[in-house]
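Colleague: I would like to go through this model with you before I set anything up. Could we start with the strands and then move on to the helices and the pocket?

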Amino acid sequence: MTSATEPLTVTVVIGSNRHGRFGPVVADWLLEHVERREGLTPEVVDVAALDLPTSFARTAEAAAALADVTPKLARADAFVVLTPEYNHSYPAGLKNLIDWHYEEWRAKPVALVSYGGMAGGLRAAEHLRQVFAELHAVTVRDTVSFHNAGAAFDDSGRLKDPTAPDAAAKTMLDQLEWWGRALREAKERRPYAA
């Protein structure tokens, strides 16, 4: 049994693998917030670093690709998924990572951080809520979204005006930590049956 005060392992998933992607800039900003919280221990899964096949065939190549990422997802108490919006939804590489796993997401909270143009990636975030509900994960209500993300950060990757995003991140991480602790405690008392 874990201690009620033991930090939660929060796996931050960088969901884009496109050339020239903006995700690492947003991830660096978010990781600063996660690292400052005593109750959270971050770990990163970057879709761009994975070579998961899309066939879902259990080949030697698939097993090698899963060997590193599956344990990271399994040991997570909670997740923050960062997603851009491509064609009004989230990237194929992120969907592929999600679909290769099931039990690793189950009965765990997921916070969503989106970025993009005028819509700030919010349509992608809403699509992810449906997917994670099917996997028996719990998405937290509040999100962080960056509208016109490229213009929100300076050339060094720092937010030009961090006031609203920092407040949104605090609210989102407060909810994620509450759900992470509540679900971890609940699963220790009674295993989740799906």
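Predicted model: local features only at pLDDT ≥ 70, side-chain atom pairs only at ≥ 80, totals over all residues.

Colleague: Understood. In which sense do β1 and β3 pair, and over how many bridges?

Modeller: Strand β1, residues 8–14, pairs with β3 in the parallel sense over five bridges. Within β3, A78 stands opposite V10.

Colleague: And how many bridges join β3 and β4?

Modeller: Six bridges join β3 and β4, and the sense is again parallel. P84 has Y115 in β4 as its bridge partner.

Colleague: How many of the residues of β3 are buried?

Modeller: Seven of its seven residues are buried. Both faces of β3 are covered. A78, V80, L82 and P84 lie on one side, while F79, V81 and T83 lie on the other.

Colleague: Let us turn to the helices. What span does α4 reach, and what is expected?

Modeller: Helix α4 covers residues 122–134, which is 13 residues. From its first C-alpha to its last it reaches 19 Å, close to the 18 Å expected at 1.5 Å a residue.

Colleague: Which residues of α4 are buried, and what covers them?

Modeller: The buried residues in α4 are A124, A125, L128, R129, V131 and F132. Their cover includes β3, α3 (92–99), β4 (109–116) and β5 (138–139).

Colleague: You mentioned α3. Which of its residues are buried?

Modeller: In α3, the buried residues are G93, L94, N96, L97 and I98. Among the elements that cover them are β1, β2 (40–46), α2 (60–75), β3 and α4.

Colleague: Now the pockets. What volume does the largest pocket have?

Modeller: Its volume is about 150 Å³.

Colleague: Which residues line the largest pocket?

Modeller: The lining consists of V25, D28, W29, E32, H33, R36, S156, G157, R158, L159, P162 and D166.

Colleague: Which element gives the largest share of that lining?

Modeller: Helix α1, residues 23–36, gives the largest share, with six residues.

How values were computed: Residues numbered from 1 in each chain as written. Heavy atoms only, no water. 1 Å grid on protein atoms, 1.4 Å probe; cavity = no way out; pocket = protein on both sides within 12 Å on 5 of 7 lines; lining within 4 Å. Points joined across faces, edges and corners; volume = space filled by probe spheres on them. Helix = DSSP H or I, 4+ residues; strand = E, 2+ residues; numbered from the N terminus. Expected span 1.5 Å × (residues − 1). Buried < 20%, exposed > 50% of the residue type's maximum accessible area, 1.4 Å probe, protein only. Contact = heavy atoms within 4.5 Å. Pairing = 2+ DSSP bridges.
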